[in-house]
Amino acid sequence: MCGVVGIVSHSPVNQYLYDALTVLQHRGQDAAGIMTINNGMFKLRKANGLVKDVFEQKHMFRLAGNWGIGHVRYPTAGSSTSAEAQPFYTNSPFGISLAHNGNLTNAEELGNRLKVEARRHVNTSSDSELLMNLFAHEIDEASTMDLKPENVFTAVRAVHEKAHGAYGVVAAIVGYGLVAFRDINGVRPLVLGIRESESGNEYMVASESVALDAVGFKFVRDVAPGEAVYITEQGELYSELCSDNAKLVPCIFEYVYFARPDSTIDGISVYDARVHMGRSLGEKIKREWDHLDIDVVIPIPETSCDIALEIATTLDIPYRQGYVKNRYIGRTFIMPGQLQRRKSVRRKLNAIGSEFKGKNVLLVDDSIVRGTTSEQIIEMAREAGANKVYFASAAPEIRFPNVYGIDMPTPNELIAHGRDVDEVCELIKADGLIFQDLTDLVTAVKADHENITQFETSVFNGCYITGDVTQEYLQHLDNLRNDSAKKDESQNQTASLDIHNIN
């Protein structure tokens, strides 16, 4: 999962892009990058690390220009080297820079096709660079000496036909303007905002509406599935639906975990969705656990706080903050490698003993993926003196890997894969475990929004919306994503750095 932003303004955008990326930091903590355009020249700064660490004052001075794009990244597969930090750049045609949130499911096929038919070289294992080269090739095919809006939309239509998977994209074309487009199923989010100035309208696109709020842009609407938005350097806005097969099927895990609660995605408030999740899970607990004497409801901060509060209200049981979070530790779910995640849990959370001692506690989390974090948090509750420790998950059992841009581990690393609830409960050492039902989760997120009839829920039921996910492809992801592969990659990176330092 990554975060993207693009701005076309009548004044310098470097600070706006920086501020937007800081509020999208939750979507990726591995790398960050900003590309601005000034007098027909790209100005780029990107590197591994958090936004605040990647951009120093000297870098901000160099990022001149009134329009540009930005990106925060975490790796979904393969390496996390700085070579794969975004935005990417190609000099042909015109000069194009691109940043991407999502994952292509036919990357290998596309890579071969581009190499043979378009004679374009992809220098990393990133499917984002692959997508940029595909877009660049289609722009070249659709235009001649000049680039018109209809050429842009023709190119995006061709991208939709050839690229399978999920993506929210921002791209800058030197001399022309900003292009943003979203996959035909709308799996990954993308929003459009506007700001009025004395010189005319200014526009912004971003992964979440909260980024618009942070820099003073007004939310206009979500970019539609299959739609392309083209904003010229002069601030002229064009848009067109570039697919005949577009259908809105947003990723439900955005609402469960990834998005900030103050964001609105496809007309649904993330905060409201989580409140509804808590209410429906609370009703299930009331039905199935009415015999349990639960003294207190405690969330695992921070995503589950709103959910846990609603559960406590539904059960008429006290709600307490039993864990203190160290805000300077990254989100453990998106950390590459099991060892790093294990080490981070204890550094990230500390229990308040008085809230646990002698009590039967109900811990609430947004989901259970590998089970590592849940097991350690339960252990911390017992060490703090809890009598009984029950655990509730606002999401159903995660049994399948994600192929659309979330680094869900391989099936064998998912604790619920091939196991029933009792077996998972035993593994995380809880006194009771309850999961949200998938139908209840969908109902909770959808609420009264009739424009959404389906969500992307493959991690729970194994049904992949693009219809092209085979067992062979899942095995390929397994080879890239499993913790052993990531450990080997990390060692290779360390060895490479050692050699570089020696030289």
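Helices (H or I, at least four residues) and strands (E, at least two) are DSSP runs, numbered from the N terminus. The model shown in these views is predicted, so local features need pLDDT of at least 70, side-chain atom pairs count only at pLDDT 80 or more, and totals for chains, interfaces and linings use all residues. Residues are numbered from 1 along each chain as its sequence is written, and side-chain values use heavy atoms, with hydrogens and water left out.

**View 1. Ser 367, in the loop between strand E19 and helix H12.** Here we look at the loop that runs between E19 (360-365) and H12 (372-383), where Ser 367 sits. Ser 367 counts as buried, at 7% relative accessibility; buried means under 20% relative accessible area, exposed over 50%, and partly exposed in between (1.4 Å probe, protein chains only). Its side chain makes a polar contact of 2.8 Å with the side chain of Asp 366. A polar contact is a pair of N or O atoms within 3.5 Å; within protein, one must be able to donate a hydrogen and the other to accept it, and residues adjacent in sequence count only if both atoms are side-chain atoms. Setting aside residues up to four places away in sequence, Ser 367 touches Phe 253, Ser 393, Ala 395 and Ile 398, where contact means heavy atoms within 4.5 Å.

**View 2. Helix H12 and what follows.** H12 has twelve residues and spans 17 Å from first C-alpha to last, close to the 16 Å expected at 1.5 Å a residue; that expected span is 1.5 Å times one less than the number of residues. Its buried residues are Thr 372, Ser 374, Gln 376, Ile 377, Ile 378, Met 380 and Ala 381. Just after H12 comes Gly 385, with a positive phi of about 105 degrees. Ala 386 is in the loop between H12 and strand E20 (388-393), and it counts as buried at 12% relative accessibility. Apart from neighbours within four places in sequence, Ala 386 is in contact with Phe 356, Lys 357, Gly 358, Lys 359, Val 361 and Ala 381. For a sense of scale, the C-alpha atoms of Ala 386 and Lys 46 are separated by 46 Å, and these two are 340 residues apart along the chain.

**View 3. The second largest pocket.** This pocket has a volume of about 670 Å³. On a 1 Å grid over the protein atoms alone, a cavity is a set of points where a 1.4 Å probe fits but cannot get out, while a pocket is an open set with protein on both sides within 12 Å along at least five of seven lines; lining residues have an atom within 4 Å of a point. Grid points are joined across faces, edges and corners, and a volume is the space filled by probe spheres set on the points. The lining of the second largest pocket has 33 residues, with Asn 103, Ala 107, Ser 125, Asp 127 and Leu 480 lying nearest its centre. Strand E6 (96-104) and helices H4 (107-118), H5 (127-142) and H16 (471-481) each give at least two residues to this lining.

**View 4. Two cis peptide bonds.** Gln 86 and Pro 87 are joined by a cis peptide bond with omega about 10 degrees, and Pro 87 is in the loop between strands E4 (67-73) and E5 (88-90). The bond from Pro 301 to Glu 302 is cis too, omega being near 5 degrees. Glu 302 belongs to the loop between strand E16 (296-299) and helix H10 (305-315).

**View 5. Positive phi at Phe 94 and Arg 119.** Phe 94 is not a glycine, yet has a positive phi of about 70 degrees. It is found in the loop between E5 and E6 and is partly exposed, at a relative accessible area of 29%. Arg 119, likewise not a glycine, has a positive phi of about 55 degrees. Arg 119 is in the loop between H4 and H5 and is exposed, at 76% relative accessible area.

**View 6. Ala 211 in helix H7.** Ala 211, in H7 (residues 209-214), is buried with a relative accessible area of 0%. Neighbours within four places aside, it is in contact with Ala 20, Val 23, Leu 24, Met 204 and Ala 206.
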